[in-house]
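Let's walk through this structure together, from the whole chain down to single residues. Have your viewer ready and follow along.

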Amino acid sequence: MKRPGKELLFLALGGSGEIGMNANLYGCDGKWVMVDLGITFGDASYPGVEVILPDIEFIEERAKDLLGIVITHGHEDHIGAIPYLAADLGVPIYATPFTAGLIRSKLQEERIADKVKLHVIENNGRFKLGSFRFNYIPLAHSIPEGNALLIETPYGNVFHTGDWKLDDDPLVGNTTNAKMLRKIGDNGVLALVCDSTNSFNEKTSGSEGDVRKGLDEVIRKAPGRVLVTTFASNAARIQTLGQVAQDVGRHLVIAGRSIEKIIKIAQSTGYLQDFPKTLSYDEAMRMPAEKVMIVATGGQGESRAALSRIAFDSHHLKLSAGDSVIFSSRQIPGNEMAVGRIQNALAAKGIRMVTDRQAMIHVSGHPGRPDLQAMYRWIRPEMLIPVHGELRHMAEQARLGLATGIPRSLVQGNGDLIRLAPKGPVFVSHENTGRLLLDGDVILSANGPTIGERRKMAINGLISVGLAVDKHNHLKGHPTISLHGVPIEADRIEFIEDASRAAIKAVHEGHKSEERIREAVRLAVRRRAHHWTGKKPIVNVVAVHV
């Protein structure tokens, strides 16, 4: 696939078949536009990696045909990859004011603000890129300026929802304007490209206003200090917590730089204007415990976040028996062990914990089935393209859409190039996609040798062998052997002696070249390690000429 023709194409580079890392392309009349450029977070399958980026090689190779990057809202899974990938694409970014503030902050942190052009589009704004006309359509979400995009093209209109929910009392941001959505539907929508995250949920997602009532009730009854943890980017919840603190007569203290940053950017763009004044850590610790409410990062078990440091007594803020920790967020699948570690530490201190299973202290920012069905009735698209979910979520939304009366649906995945018009949706081709890993300051392939070796070391351990050889590659002295993560404890000395004998024998077997000597030693030592442990560690052999 070289360039789009007289057609409308859709290609997900991330976010289809997974929750997070959203990056989507639309193409027509020889040009492409990108919608969102986000990240997802690392897990145990990527040792040492915290941030995962979409592999956007497809559009990097066609960057001269890319018109711009249009952002729906400011969550990390929609903007997080911008500081690492956008500059190389060399195209402008378009976002509404609050979202643009978050992006600008990221670009400044990476010292590339002068290399990426950022256009601020007013809320409800419109702009044109080539044959595409974009219209920002406000929808409720858990962050200010959650937006859908109405994308008008010569081949039909696309309603790209971004992340959204129905909420008549969102506290921050917009309610959903059903009248506006019906009008969009009246004008004709070719394709609804829609968030699938909660497609199995039988109930509507619920209102932020109800969360305020639930938190009021729980915190009003709580003795001692109260700590509430939530996602830093959930500005609606931050606003709720500010109101709750005032409702129950507690002074607020913020623990976590990411929350502080969100508050600062929100206030600079007109949000959180009535957010209460916060205490310093010292002031909070001098205050009577029952007068303090802490808002902290770390509800997903992040080891360096404020909650973890408080739980393990490495933070200036302290909790003790009788205090409470409220998890005002939903646990992300895969974080169970990390969260459990923190909860066990808190339990050991006699701290009471409350989660969303026990009280109305969290609602999702994504649409349940009733929300989805309402959107289908308002928009009335010719076809439904589920995105933003694992395959099971997208397949379930496709079934729901067809059952609700949408004529056609197609379940695609990352790399599936789809023609929406004419005569769509149809599969055109499969393009290469994948994951990149931000490992320290370096971007690596997720399938490259570095991570493969790291996984092997994590599973099997590492043995280092040092050989001193003369110019004829004759061994001088005994090998030096060290173990890293190899499961040998009490027998360590005996194993090293055995491995050393195997290495000496391998050297003396008559190999001429240094390369063949090192390989023979590597195999010999690994065989002894497997004999002793049943595992096959990585063996690294270094020959030093003396």
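First, some ground rules. This is a predicted model, in which local features need pLDDT of at least 70, side-chain atom pairs count only at pLDDT 80 or more, and totals for chains, interfaces and linings use all residues. Residues are numbered from 1 along each chain as its sequence is written, and side-chain values use heavy atoms, with hydrogens and water left out.

The C-alpha trace spans about 85 × 70 × 45 Å along its principal axes. The chain holds 16 helices and 28 strands; helices (H or I, at least four residues) and strands (E, at least two) are DSSP runs, numbered from the N terminus. Of the 546 residues, 56% are buried, where buried means under 20% relative accessible area, exposed over 50%, and partly exposed in between (1.4 Å probe, protein chains only).

Now look inside. In soluble globular proteins, nonpolar side chains tend to be buried together. A nonpolar core here is a set of buried Ala, Val, Leu, Ile, Met, Phe, Trp, Tyr and Cys residues joined through side-chain atoms within 4.5 Å. The largest such core has 70 residues, and Met34 and Ile59 touch the most other members. Helix 7 (residues 235-248) gives the most to this core, with 7 residues. Apart from it lies another core, of 28 residues, among them Leu190, Ile385, Val387 and Leu410.

Leu190 also turns up beside Leu8: leaving aside neighbours within four places in sequence, Leu8 is in contact with residues including Leu190, Phe132, Ile418 and Leu420, contact meaning heavy atoms within 4.5 Å. Leu8 lies in strand 1 (residues 8-14) and is buried, with a relative accessible area of 0%.

Next, find helix 15 (residues 492-507). Its 16 residues should span 22 Å at 1.5 Å a residue, and its end C-alpha atoms are 22 Å apart, which agrees; the expected span is 1.5 Å times one less than the number of residues. Its buried residues, including Phe495, Ile504 and Val507, pack against strand 26 (462-469), strand 27 (480-484) and helix 16 (514-533).

Val544, in strand 28 (residues 538-545), is partly exposed, with a relative accessible area of 46%.
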